[in-house]
Amino acid sequence: MTLGFKSSDIFGVKVTPTTMDDLFTLMHRSIAAEDKVVIASLNLHGMYKLFKDDVFRALHEDDKTCVHIDGMPIVWLGRAAGLDLDASHRTGWVDWFLPLMERAQRSGWRIYYLGGTSRVLADGLARLRRDYPDLAIDGHDGYFDARRGSAGNTAVVEHINAFRPHLLIVGMGMGRQEHWISENRADLKTNCIGTCGACMEYFAGAVPTAPRWLGPLGLEWLYRLISDPKRFWHRYLVEPWFVAWFLITGAGRRRAPARTDR
């Protein structure tokens, strides 16, 4: 099965311009075809990782990966590159997490969430089971030995496969989650694998969520920086300058050396 949505190029960086409804359509197609696709997020932090990390980039460039836009700066860069993008193409996980849960409950999709601390995960799953009583959902925290072949990693993969989720959501932080997916993708029995960073932390209230009106204005980063400067200062005050340099010098046009295992 092909993704069904055309990928575009933003100064050498792959994106798949999709709205929230487009992503739901992709999930429906993949589940119906019993296929396996990755739905990867791209924001400025992701661009920084992409230029620095060949495994990260290989996963994004795989033809079975949909790279949706998670941040207005990527929309603005896409416009500068000549793409017809608007705010509807900004599909951040914090905004579409609950609509996804509603759609999953209505469609009978089984959801598995991997990531967060055990407390955050327990709180988040309890809330989801309360608010969506017919939703089939399970999960595991992200604090385990994630090395391929380790006892801890093997147990997690076996737990996921025993649940047989239609959608596996991996929220282990940008970089670590992409490496884990790349190493374990072929062994996972699921139809869609989504990367969501710290989505459950925001949903469970462990991390303050910016007012949603800030997102379309491209100011969500400022709220996060003010709320937790120690955590976010490098991401928002340093990394964008590296990304600008990569784009200006054309470093973003180098290709990943290898494809991701399926």
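**View 1. α2 passes α3 in a left-handed crossing.** A crossing is left-handed if the near helix is turned anticlockwise from the far one by less than a right angle, and right-handed if clockwise. From α2, the contact takes in G46, K49, L50, F51 and K52; D54, F56, R57 and H60 come from α3. Contact means heavy atoms within 4.5 Å. Helices are DSSP runs (H or I, at least four residues), numbered from the N terminus. This is a predicted model: local features need pLDDT of at least 70, side-chain atom pairs count only at pLDDT 80 or more, and totals for chains, interfaces and linings use all residues. Residues are numbered from 1 along each chain as its sequence is written, and side-chain values use heavy atoms, with hydrogens and water left out.

**View 2. The axes of α2 (residues 44-52) and α3 (residues 54-61) cross at roughly 110°.** They come within 6 Å. Axes are lines fitted to C-alpha atoms, for helices over the stretch in contact, and angles run from 0 to 180 degrees between N-to-C directions. The two helices are therefore roughly perpendicular. Angles under 35 degrees count as roughly parallel, over 145 as roughly antiparallel, 65 to 115 as roughly perpendicular and the rest as oblique.

**View 3. α2 and α13 pack at about 60°.** Their axes lie 9 Å apart. That angle makes α2 oblique to α13. The crossing of α2 past α13 is left-handed. L44, H45, M47, Y48, F51 and K52 of α2 touch E239, P240, F242, V243, F246 and L247 of α13. Nine of these contact residues are nonpolar, one is polar and two are charged. Ala, Val, Leu, Ile, Met, Phe, Trp, Tyr, Cys and Pro count as nonpolar, Asp, Glu, Lys and Arg as charged, and the others, Gly among them, as polar.

**View 4. α12 and α13 (residues 239-249) pack at about 20°.** Here the axes are 4 Å apart, and the helices are therefore roughly parallel. H234, R235, Y236 and L237 of α12 meet E239, P240 and W241 of α13. This contact has four nonpolar residues, one polar and two charged.

**View 5. The largest pocket has a volume of about 590 Å³.** A pocket is an open set of points on a 1 Å grid over the protein atoms alone, where a 1.4 Å probe fits, with protein on both sides within 12 Å along at least five of seven lines; lining residues have an atom within 4 Å of a point. Grid points are joined across faces, edges and corners, and the volume is the space filled by probe spheres set on them. Of its 34 lining residues, C196, G197, A198, R231 and R235 are closest to the centre. α12 gives the largest share of the lining, four residues. The lining divides into 10 nonpolar, 13 polar and 11 charged residues.
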